[in-house]
Amino acid sequence: MRNVIAIASSVVRDAARKKVFYVVFLFGIAVLALAPLLPTFDLGLRAQFLRDISISLTSLFGVVLAVVLSVGQVPGEVDKRTIYNVLSKPVSRAQYFLGKYVGILVSLAAIMFVMGIEILILLGAKVHVFSPVVFEGVFAVFLEAALIAAFCLAFSTFAAAPITVFAAILFYFICHMKTGFLYTRMVTGTHGFLKVLSGAVYYAIPNLENFSTSNQVGYGRAASLHGLLRITGYAALFAAVLMILGFLAFRRRDL
Amino acid sequence: MDERAVTLTNIKKTYRIGASRKRKAAVEDLTLDVRYGDIFGLLGPNGAGKTTTLKVMLGLVYPQSGEGTLLGKKLGDRSAHRKLGFLPEQSYFYGFLTAEKGLALYGRFFGMDKALLKKRSADLIELVGLPHNSHLTLDKYSKGMQQRFGIAQALLNDPELVILDEPSSGLDPVGQKEVRDILLDLKEQGKTIFLSSHMLSEVENICDSVSILSAGSSVVEGKLADLLTVEGLTRVTLKGPPPPEKSFVFAHSVQSDDGLVAIEVDSREAYLALDEARSLGLELVSAQPYHRSLEDLFLASIKEAPQ
């Protein structure tokens with residue numbers, strides 16, 4: 001565990017050095033830019049609109065951040081060969097890989113927490129509403145970003161960064177659309193072997209719509225504890241599967 | 001107890017190269033042993049397989065066949081790495097850290113407690129001649145300073161086995177001498193040092209045994225003193241003016257320089273040389289088994305090695 005924490009802290013420090021955390025300022029500016037778009041007639045509608053759009057914006061930032069933070073972690077260290085000096089110490093590849101992921105999660109959590117605060121401040125300043133429910137939305141976005149990060153980290157153990165980015169975009173859209181037209185195409189619309197295969201793919205990929213809470217948060221409806229635990233478990237399960245697959249690819253890789 | 005700190009037996013490592021993905025052997029049937037307390041030099045021209053050998057030892061690449069041990073543990077057993085220090089060829093360190101923070105990070109991997117780590121870091125920074133409490137991050141260091149940091153982090157855990165890839169790379173002559181002194185001091189402490197180097201003079205000065213690689217295989221291996229001694233030849237050094245041209249006709253070579261005459265003769269004819277030296281009024285300085293230079297051995301080994 002000590003090694004995992006040490007590697008995670010180096011990931012956070014590197015993210016700080018690369019000024020990734022400055023994204024919170026960018027987010028603040030983006031949220032402020034929304035203010036003139038607010039409907040002026042109804043305070044309730046204004047709060048709803050602001051909550052909804054802020055969480056959607058957080059989701060966008062979260063996904064981009066997850067990709068940015070994770071896509072170069074392993075290939076970057078292999079290219080720069082800094083990985084040699086870590087793995088020559090009593091650090092296993094599993095600890096290294098997990099440490100990287102924990103570091104990404106901590107960085108994401110820190111950034112998203114600040115984003116949540118920014119949304120709270122904006123809501124207070126613009127519509128005089130205190131809406132801690134936005135943190136539920138931010139938490140759901142964090143879970144989605146954590147899943148995307150696990151995908152990128154796993155994929156990057158055997159693919160170059162541009163390919164991983166492309167794959168992550170594809171993964172994001174497929175996982176968001178799977179309950180829509182993909183459901184009919186993959187599960188009900190094909191026959192025989194293709195039906196089995198596409199059905200298996202359908203159930204093997206996570207449904208990222210589970211983390212889309214902007215509408216619900218917009219209305220100011222708090223999720224039940226059961227609901228929050230359900231999406232947390234769902235994200236943890238898929239992230240664990242992705243991390244295990246990534247580790248299996250990384251475990252015997254020549255560096 | 002096994003007297004060998006490092007063993008590699010029939011190691012073979014191939015890589016796929018080019019568009020055809022054809023396999024090429026980087027290391028082929030490599031076997032070598034390093035005794036505890038020795039300074040071992042791994043030599044070879046570029047592409048001979050030195051770095052791949054180090055990577056196999058450190059578990060960074062996996063050989064297709066063969067086996068080995070580090071400090072009595074099988075290759076890949078991370079517990080051996082607790083007593084191991086490694087200096088990579090170039091500054092492969094986190095550039096965003098200062099020397100102190102870098103050592104603190106690496107020290108955590110060894111589970112060193114904070115007080116010990118702090119003291120050890122300060123001592124090592126002093127030893128390698130880096131500035132204390134500098135805010136300069138490692139990516140701002142010169143190549144020589146980065147190499148000094150590399151040596152410090154390699155010694156952080158007071159290792160039993162130190163693996164060094166080109167330790168003098170990027171260092172000025174003063175730095176090279178300091179590194180040499182550090183290595184000899186480590187040997188005094190009973191540490192085992194595995195050194196990969198292009199600097200033959202450095203290896204010749206400090207190594208107990210060497211292995212010369214060519215095209216992935218060891219072409220020469222053994223104790224350096226034995227390898228450099230040419231059986232049956234004696235070098236007689238005399239003091240005096242250059243001898244006449246027709247003297248020492250039985251010698252393999254006669255060289256005069258700066259008042260000294262060096263004669264290489266078959267060992268059984270050494271007494272003849274001494275007799276003739278006396279008759280010519282030359283004073284005996286020394287008579288000892290002839291040693292060739294490591295450079296001569298290296299070049300001859302590479303030339304004779306199958307490509």
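Student: In which strand of chain B is B:I39 found?

Tutor: This is a predicted model, in which local features need pLDDT of at least 70, side-chain atom pairs count only at pLDDT 80 or more, and totals for chains, interfaces and linings use all residues. Residues are numbered from 1 along each chain as its sequence is written, while chains are lettered from A and ligands numbered from 1 in the order in which they are written.

B:I39 belongs to strand β3 of chain B, which covers residues 39-43; helices (H or I, at least four residues) and strands (E, at least two) are DSSP runs, numbered from the N terminus. B:I39 is buried because 24 other C-beta atoms lie within 10 Å. The term buried requires 20 or more other C-beta atoms within 10 Å of the residue's own, against 12 or fewer for exposed and partly exposed in between, with C-beta atoms placed from the backbone.

Leaving aside neighbours within four places in sequence, B:I39 is in contact with B:L183, B:K187, B:I193, B:L195, B:I206, B:C207 and B:D208. Two residues are in contact if their C-beta atoms, placed from the backbone, lie within 7 Å. By comparison, B:Q255 is 216 residues from B:I39 in sequence and 33 Å away in space, C-alpha to C-alpha.

As for the chain around this residue, chain B has nine helices and 14 strands, and its C-alpha trace spans about 70 × 50 × 45 Å along the principal axes. Of the 307 residues in chain B, 40% are buried. Among contacts in chain B with a separation of 6 or more, 68% join residues 24 or more positions apart.

For the complex, the predictor gives an ipTM of 0.80 and a pTM of 0.85.

Elsewhere in chain A, helix α4 (residues 73-80) has A:Q73, A:V74 and A:E77 buried. Seen down the axis of α4(A), its buried residues fall within an arc of 95 degrees, so they line one face of the helix; the arc is that of the directions from the helix axis to the C-beta atoms. Just after α4(A), A:R81 adopts a positive phi of about 65 degrees.
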